[in-house]
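Q: I would like to learn to read a structure feature by feature. Where do we start?

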Amino acid sequence: VQLQASGGGLVQAGGSLRLSCAASGRTFSTYAMGWFRRSPGKARVLVAAINWSGGSTSYAGSVKGRFTISRDNAKNTVSLQMNSLKPEDTAVYYCAASPNGYSSDFAYEYWGQGTLVTVSS
């Protein structure tokens, strides 16, 4: 599966952005999907994940209640709605696909190119 992330940009603190990830291939609905981010000088972190059907999601504590992950298997897309953004959310965000569940960072085998989110204070 090939992934293409989009939707990043510059936003003020407290604002919102919606990231999208378009997937190619007929097997998208069999993959769990995740959104990772990498901030300058920090390790990559899994911030949100969703199972193949969309019926189960998981969030990092730092974004819980502010970010929402969703997917549309008919359109081969997964989205990340980000609200109440903070300067510490500034990062390159990557979408990724896992054939083996969504909880473990190491399960993700396919990656998009990343989209930059910058939150100004």
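Q: Which residues does I50 touch, not counting residues up to four places away in sequence?
A: A contact means heavy atoms within 4.5 Å. By that rule, I50 touches A32, M33, S56, T57, I69, S70, R71, V78 and Y102. This is a predicted model, where local features need pLDDT of at least 70, side-chain atom pairs count only at pLDDT 80 or more, and totals for chains, interfaces and linings use all residues. Residues are numbered from 1 along each chain as its sequence is written, and side-chain values use heavy atoms, with hydrogens and water left out.

Q: Is I50 buried or exposed?
A: Relative accessible area decides: buried is under 20%, exposed is over 50%, and partly exposed is in between, with a 1.4 Å probe and protein chains only. I50 has 2%, so it is buried.

Q: In which strand does I50 lie?
A: Helices (H or I, at least four residues) and strands (E, at least two) are DSSP runs, numbered from the N terminus. I50 lies in strand β5. That strand covers residues 45-50, and five of its six residues are buried, so β5 is largely enclosed by the rest of the structure.

Q: How far is I50 from S62?
A: Their C-alpha atoms are separated by 17 Å. Along the chain, I50 and S62 are 12 residues apart.

Q: How many bridges join β4 to β5?
A: Two strands pair if DSSP finds at least two bridges between them. Strand β4 (residues 32-38) and β5 have five, and they run antiparallel. R37 stands opposite V45 in β5. The hairpin of β4 and β5 has six residues between the strands. There, G41 takes a positive phi near 80°.

Q: How many bridges join β5 to β6?
A: Three bridges join β5 to strand β6 (residues 57-59), again in an antiparallel run. A48 stands opposite Y59 in β6. This hairpin has six residues between the strands, and G54 takes a positive phi near 90°.

Q: How many aromatic pairs does a search of the whole structure find?
A: Rings of Phe, Tyr and Trp (its six-membered ring) pair if their centres lie within 6.5 Å; planes under 30 degrees apart count as stacked, over 60 as edge-to-face and the rest as tilted. The search finds three pairs. In one of them, the rings of F36 and Y108 have centres 5.1 Å apart and planes at 85°, so the pair is edge-to-face. That pair links distant parts of the chain: F36 is in strand β4, and Y108 is in the loop between β9 (91-98) and β10 (110-111), 72 residues apart.

Q: What is the geometry of F36 and W111?
A: Their ring centres are 4.7 Å apart and their planes meet at 55°, so this pair is tilted. F36 lies in β4 and W111 in β10, so the pair ties together parts that are 75 residues apart in sequence. Ring pairs link F36, Y108 and W111 into a cluster.

Q: Which residue lies over the face of F36?
A: A charge sits over a ring if NZ of Lys or CZ of Arg is within 6 Å of the ring centre and within 35 degrees of the ring normal. R44 lies over the face of F36, at 5.4 Å from the ring centre. R71 lies over the face of F28, at 4.5 Å.

Q: Which cysteines form a disulfide?
A: A disulfide is a covalent bond between the sulfur atoms of two cysteines. The cut-off here is a pair of cysteine sulfur atoms within 2.5 Å. The count comes to one. C21 and C95 form it, with sulfur atoms 2.1 Å apart. The torsion about their S-S bond is about 60°, so the disulfide is right-handed. C21 lies in strand β3 (residues 17-23) and C95 in β9, so the pair ties together parts 74 residues apart in sequence. Both C21 and C95 are buried.

Q: How many helices and strands are in the protein?
A: There are zero helices and 11 strands. Of the 121 residues, 42% count as buried.
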